[in-house]
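Here's a quick briefing for anyone opening this one up for the first time.

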Amino acid sequence: MQTELADFIRDTPEGREAEAILRKCVHCGFCTATCPTYQVLGDDLDSPRGRIYLMKRALEGAAVTDRTRLHLDRCLTCRACETTCPSGVQYGRLVDIGRAVVESKTHRGALERTRRAMLAWGLPRTGLFGAVLGIGQWLRPLLPSALKTKVPAQTRGAGSWPAPRHARKVLALAGCVQPALAPSINAAAARVLDRIGISLVEAPGAGCCGGIRFHLNYQEEGRDDMRALIDRWWPAVERGEVEAIAMTASGCGVTVKDYGHLLAQDAEYQAKAERISALTRDLCELITPEMVAAGSKRGTVAFQSPCTLQHGQQLRGKVEALLVRAGYELTAVNDAHLCCGSAGTYSLLQPAISGELRSRKLAALEAGAPDVIATANIGCLTHLQSATRTPVRHWIELLDVK
Ligand code: SF4
Ligand code: SF4
């Protein structure tokens with residue numbers, strides 16, 4: 001697409017990157033077919049092609065309105081469009097740039113600003129989130145039904161975490177909300193890895209990956225979280241104590257794998273960020289089927305592959321192979337490429353679209369009457385579990401079952 005960027009951005013790193021991406025888009029519209037928001041809303045401006053056009057206009061200096069921002073807000077950043085695009089358009093990177101520009105040229109109402117600021121302030125604070133969740137669970141019987149669905153009735157215990165005993169060591173990311181919502185996930189990962197000769201260790205104080213604030217358009221604050229996390233991990237990385245950094249939440253994994261890009265303009269952190277990204281693996285990249293004890297007749301599973309796994313990290317089929325090896329039977333899931341509507345804070349900020357996508361996803365997942373739904377991201381897990389009685393688990397918890 002021919003573009004003529006405005007002076008305010010043309011000669012900046014963001015401008016150059018945006019221009020290169022925009023030039024790749026031939027406006028063919030293939031991506032609209034796999035865009036969840038286009039499927040729900042049917043408006044071309046709520047499709048990748050429409051949003052790319054809106055961002056192009058904004059970057060060319062055209063007037064930006066609240067409607068422009070609304071169409072970008074409605075985007076899940078699921079990146080299904082990237083998987084579909086035959087021209088290799090990096091929509092996710094473009095929308096990061098476009099959102100920052102549109103945010104700076106528009107003004108949100110006080111209520112919306114407050115809500116977003118509270119999410120950006122509160123969610124990355126692991127201790128605070130855990131305390132609020134505990135109070136919410138205590139008061140749950142008294143909560144209105146809309147709020148009740150957001151608060152899981154109980155948190156499953158973590159179980160034991162094997163002491164480090166192997167020469168092979170891998171760092172784990174505790175994350176921001178996962179330790180409170182599902183401490184069982186990282187503990188299960190530690191047990192499974194321990195059985196195959198790898199010790200999983202957490203660095204003290206290593207919390208949020210920065211994705212929450214970055215994607216709420218607090219981009220610099222998100223980068224602060226990234227730098228803080230690098231500082232926590234760096235001593236173990238620098239001393240060569242760990243061979244990899246394991247991600248048990250694909251939403252965090254897609255962000256950490258992008259640190260090298262997201263901190264490319266930071267002279268102090270750029271090299272460290274690249275090293276951290278290069279070491280980062282989703283858990284399903286660390287465990288191969290040959291490492292898993294073969295099993296049979298362990299029940300039926302519908303696997304929900306998070307967008308951050310299948311589109312963001314382009315990892316497809318790996319978890320499914322591990323579950324089959326362990327003895328689970330996979331049920332068929334239609335439209336498996338579509339987002340479940342969780343998308344970080346999206347489910348809180350765009351509840352109507354998010355709820356519709358969840359209903360569609362659950363119908364697809366439950367069509368084969370599975371015993372359990374498995375996923376690879378804490379956000380998807382809690383979002384789906386809030387609307388179904390079918391148990392929803394992280395896949396590593398299923399591998400941990402003896
Ligand atoms: S993003 Fe890709 S698929 Fe979508 S309109 Fe542009 S070139 Fe076509
Ligand atoms: S990231 Fe997802 S919701 Fe956003 S335009 Fe692409 S396909 Fe649509």
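A residue counts as buried when its relative accessible area is under 20%, as exposed when it is over 50%, and as partly exposed in between, using a 1.4 Å probe and protein chains only. This is a predicted model, so local features need pLDDT of at least 70 and side-chain atom pairs count only at pLDDT 80 or more, while totals for chains, interfaces and linings use all residues. Residues are numbered from 1 along each chain as its sequence is written, chains are lettered from A and ligands numbered from 1 in the order in which they are written, and side-chain values use heavy atoms, with hydrogens and water left out.

**Cysteines**

- There are zero disulfides here, a disulfide being a pair of cysteine sulfur atoms within 2.5 Å.
- C284 is in no disulfide, and the nearest cysteine sulfur, that of C380, sits 14 Å away.
- C284 is buried, since its relative accessibility is 3%.
- C31 is buried too, at 11%.

**Positive phi values**

- Most residues other than glycine have a negative phi.
- H27 isn't a glycine, yet its phi is positive, near 65°.
- You'll find H27 in the loop between α2 (13–24) and α3 (36–41); helices (H or I, at least four residues) and strands (E, at least two) are DSSP runs, numbered from the N terminus.
- With 32% relative accessibility, H27 is partly exposed.
- A369 also has a positive phi, about 45°, and belongs to the loop between α22 (351–366) and β7 (372–375).
- A369 is exposed, because its relative accessible area is 58%.

**Helix packing**

- Helix α4 (residues 48–59) packs against helix α7 (residues 91–105) at an angle of about 45°, with the axes 10 Å apart; axes are lines fitted to C-alpha atoms, for helices over the stretch in contact, and angles run from 0 to 180 degrees between N-to-C directions.
- That makes α4 and α7 oblique to each other: angles under 35 degrees count as roughly parallel, over 145 as roughly antiparallel, 65 to 115 as roughly perpendicular and the rest as oblique.
- Among the residues that meet are I52 and M55 in α4 and L94 and V101 in α7, where contact means heavy atoms within 4.5 Å.
- Helix α14 (residues 219–238) and helix α17 (residues 270–279) cross at roughly 75°, and their axes come within 11 Å.
- So α14 is roughly perpendicular to α17.
- Their contact includes W233 and W234 of α14 and R275 and I276 of α17.
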